Every structure is written in C-alpha cells, then in structure tokens.
Amino acid sequence: MDLVSGYKGVVGLVFGNEKSGSSNEDSYVERLLDCISNGKLSEDRRTAMFELQSVVAESSNAQLAFGAMGFPVMMGILKEERDDVEMVRGALETLVSALTPIDHAKGPKNEIQPALMNADLLSREADNISLLLSLLSEEDFYVRYYTLQLLTALLTNSPNRLQEAILTIPRGITRLMDMLMDREVIRNEALLLLTYLTREAEEIQKIVVFEGAFEKIFSIIKEEGGSDGGVVVQDCIELLNNLIRKNGSNQVLLRETIGFDPFMSILKLRGSTYSFTQQKTINLLSALETLNLLIMGGSEADHGKDANMLTNRTTLVQKKVLDHLLMLGVESQWAPVAVRCVALRCIGNLIAGHPKNLDALASKFLGEGPQEPALNSILRIILRTSSMQEFVAADYVFKSFCEKNADGQTMLASTLIPQPHSMAHAPVEEDVHMSFGSMLLQGLAACNFV
C-alpha cells in the first residue's frame, strides 16, 4: 500500500518531535504487530492482540503508529482467519479503537488527529468496506457488533467516501437493513448507522426504502412503545424523516404501501395524557416534524410536489390527524408548550388553502362534558395564554383559516353578537357556552378596559 509509506513519514515526523516516549510506543506497537503476524502460538498472538487494542485505545501516539503499519495486518486477519473468531473480534475491536478520538485535555495537543487519519486510510480502499460488510453475515454476535461500530466510525469521519463505496457493493445496503431485525443491541447500532448513511444521500434513501425500511421502522417503533418509548423511537423517527425529507417519491411510497395509519399511532396519546417525560416530548416533536414534512409534499424542485402535497393533506385529515393534533395542541394542557405550539402550527399548515380540511376543522367539537367548537377552544388560547409562542401558534391557525376562505369568514362573523350583561360577567368556565364572536368581543372589551 503506497499510502502506508506516506503515513509512516508523518508518524516518524511526529514521533521525532516527541522524543523517546513516543518512539518507545512506536516500537512497542511494531513488536505487537510482529507477534500477531508471525507468532507461532495462538495464545501469544491473542495476548498480543489484546495488548495492542488496549494501547491503541489509550494513546494517540499508538494510534499514529498503528495507522502507519497496522491496517494490512488487521485486514489480513479479517480476510484469511475467519475461523478464529477470537482473533477476528480482537482485530475489529482494535480497528474501532484506532478510529475513536482520544481526549487530549490532559496531555500535549498535536495538530494531527490520528483517529481521523486512520479513518481516511481505511476508507480509501473500497475492498476494505466490502470486507467489513461481508462480516455482517457472520454468526458471532460480537463480530457483527464491532463491525457496525467500525462502519459508523468510518461514516462519521468519511461520510461521502463510505456512501459511495456502499453503493457500489452488491447487497451492501441489504446487509445493513438485515441488521434491523437482529438482536436489540445490533439493531440499535444498525439504526444509528443507517440514520447517518441516509442524510443528504437520495440514492441510498431510495434503496433503503426499497429494502422495506418503512415496515421495519414502524415495527420497531411499535415494539418500543410508540411515543412512550425511549431513544430508539427517536432514532427511528429521525431515520424516517431522512427518508421523506425533500423526497416526494418516498412519500408516495409510504402513503401507497403501508399508509399513514402506523404513523398516526405515534401521535395517539396513551394512558395518562398528563404524563410527558423529556423523551416522550422529543419523540412527539420528532413525529410532528414528520407530519410537517408530509404536509409540505417534498422538494421545491419536484414537479409533482403540489399534487403530492394536496394528496398528503387530504389523506392525513381523512385518517383523523386533526383529532390527534387538537388533543396535543388544545385539549392536553399538560403537554409541554413546545408540543402544543408545533401541533397548532401543523393544524394551520394542514388547512391552509384546502377547502375540505377547512370544513373539517370548522366542524370539530372538543370536550367530554359540554362540547364546544374547536375554533372556540383555539380562540380561548389566544385570549388567555401567557406564552407569546403559544399565542402566535394559535393565531396562525386563524390566519390559515380565514385566508381566502370567504365562507369561513362569514361563519365566524355571524357569531359576533354581544352577550347579555349577566353572561358577560359570568365565571371563566362558563364561556364554553358562548359563541366564537361573543368570546372575541368579550376579549376585545377586556383589552380596552385594561
């Protein structure tokens, strides 16, 4: 490998500047690699591998030395010694350590970053990526686990190169997708890897969807408990958003294959509606981002964006998404302000310029006891909230409702009737019986009085 000689020169320069300490580490790494390559006893080779992994995990100088001479040895083991599972595990773990940055806060800082340099060296050889992907078919749990960690480290440091390599490898993405059905720890590593891999990579997004990503994502979300689940649910929704962001064709596939019902189940509140953990809040905000991506319909450059946007909005409301949004944005006052505001904005986006959706919102009634029109409940938020963010979000709903909606404007204007004096001074909880216009007039009068 010509690259190795170049890296040796860099290592020699760095070690030369740092005198004996790094020089000793250099020779120690070299002795360990020699033992791994040429040792006669299997036990000696395994011991050397364990010691090499330890020193590479703890020392930047050792990482530099390993980068100069260790890759051919490790890749040789992965290629030629598959039957020796312990050595394969050790080689993978050592490679992961070589690509993991070490905190230099307590030691001297070098301009060279060994972990980045090693990632660059390993990813330049397309055959190395192909070899690593083939290891995902191995039966040993730790071999698959360390391989995924290594691929994630490569993707973090050299995303474009790894994306290009995986696209050229037959069944490369298929192997990664298979890991989503593996044991939980493997599945979670694969989920993170695919999330990194699908950012800004439209070709990979299409292949991942073709390999059944939507079904697998929603299956995991359901298994983990929907919005009440942990960080795995958040990772699943992030992957989902990567697949549909600015990608109208993938949105069409989602709508026409598995449909929007699995997505709706994420927005549905279960159990105590006032139980909102920090993770549940994050999960719901991520799901509301998904909803907004569907409402927007895809990329501005997509010629079919407008038609897709219209179909998405129509289908979403047919699937009762307004009920979920009104629960999150209006009825669940225990919900965090951020969730309520984003839910209200989604309502505004759903109805804007869409006659059927406008009518759907106008016909909604809320409350378990005496019910009132949803628009009245949203107006009450405007009149009473102490949060400017929530005021603006609720006001946006009315802006979207009234704009180019003459029938809706007329309907609201027809309720502008002052209430009797006794009703005007009724307790706050009694305004559920007031019309929209009466509430509005009462609010304006109160403002003038103040």
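Guide: In this predicted model, a residue is called buried when its relative accessible area is under 20%.

Visitor: How many residues of helix 4 are buried?

Guide: Helix 4 spans residues 60–69, and its buried members include Ser60, Leu64, Phe66 and Met69. Helix 4 is therefore largely enclosed by the rest of the structure, the count of buried residues being 10 of the 10.

Visitor: Which residue caps the N-terminal end of helix 4?

Guide: The cap involves the backbone nitrogen of Asn61, a residue that is itself buried in helix 4. A side-chain oxygen lies 3.2 Å from that nitrogen, and the residue supplying this oxygen is Ser59.

Visitor: At roughly what angle do the axes of helix 4 and helix 5 cross, and how do the residues of their contact divide?

Guide: The axes of helix 4 and helix 5, the latter covering residues 71–80, come within 5 Å and cross at roughly 65 degrees, which means that helix 4 is roughly perpendicular to helix 5. In their contact, Phe66, Gly67 and Met69 of helix 4 meet Phe71, Pro72, Val73 and Met74 of helix 5. The residues of this contact divide into 6 nonpolar, 1 polar and no charged.

How values were computed
Residues numbered from 1 in each chain as written. Predicted model: local features only at pLDDT ≥ 70, side-chain atom pairs only at ≥ 80, totals over all residues. Heavy atoms only, no water. Buried < 20%, exposed > 50% of the residue type's maximum accessible area, 1.4 Å probe, protein only. Helix = DSSP H or I, 4+ residues; strand = E, 2+ residues; numbered from the N terminus. Polar contact = N/O pair within 3.5 Å; in protein donor to acceptor, adjacent residues only side chain to side chain. Axes fitted to C-alpha atoms, helices over the stretch in contact; angles between N-to-C directions. Parallel < 35°, antiparallel > 145°, perpendicular 65-115°, else oblique. Contact = heavy atoms within 4.5 Å. Nonpolar A, V, L, I, M, F, W, Y, C, P; charged D, E, K, R; others polar.
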